[in-house]
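Hi everyone, thanks for coming. Let's have a look at this one together.

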Amino acid sequence: MELTLEQLKQFDGSDESKPIYVALKGRIFDVTTGKSFYGPGGSYCMFAGKDASRALAKMSKNDEDVCASLEGLSEKEMGVLNDWEKKFEAKYPVIGSVV
């Protein structure tokens with residue numbers, strides 16, 4: 001499955017009939033089983049329906065960091081992002097990619 005960032009927004013948990021997706025480094029993960037974290041009111045709800053690569057790399061929940069841009073990230077931040085990617089891969093299925 002391929003989704004644009006605009007299409008990805010539909011999967012933010014606001015519609016209970018749809019799964020919850022979070023993209024990381026352009027790959028889309030189905031995080032519906034982590035609804036308590038990524039669903040409305042969850043501690044990571046700001047990542048739902050978006051590519052959260054930059055925010056995860058920076059360990060940030062700021063709106064301006066919730067994007068796909070990796071520009072200007074330090075080597076340490078890229079390492080943090082790679083660790084998040086491994087955690088996601090172990091826990092959630094990859095269902096597609098962002099185009």
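So, which residues have the most contacts inside the largest nonpolar core? They are V22, V31, Y38, F47, L56 and F88, in a core of 19 residues. By nonpolar core I mean a set of buried Ala, Val, Leu, Ile, Met, Phe, Trp, Tyr and Cys residues joined through side-chain atoms within 4.5 Å, where buried is under 20% relative accessible area with a 1.4 Å probe, protein chains only. Strand 2 (21-24), helix 3 (53-58) and helix 4 (75-91) each supply at least two of its residues; helices (H or I, at least four residues) and strands (E, at least two) are DSSP runs, numbered from the N terminus.

Before going on: this is a predicted model, where local features need pLDDT of at least 70 and side-chain atom pairs count only at pLDDT 80 or more, while totals for chains, interfaces and linings use all residues. Residues are numbered from 1 along each chain as its sequence is written, and side-chain values use heavy atoms, leaving out hydrogens and water.

There is also a second, separate core of 6 residues, including L3, F11, Y21 and A23. Now look at strand 2: Y21 and A23 are buried on one side, and V22 and L24 are buried on the other. In a regular strand, side chains alternate between the two faces of the sheet.

Strand 2 runs antiparallel to strand 3 (residues 27-30), joined by 4 bridges; strands pair if DSSP finds at least two bridges between them. L24 stands opposite R27, and in the hairpin K25 takes a positive phi near 55 degrees.

Key: Buried < 20%, exposed > 50% of the residue type's maximum accessible area, 1.4 Å probe, protein only.
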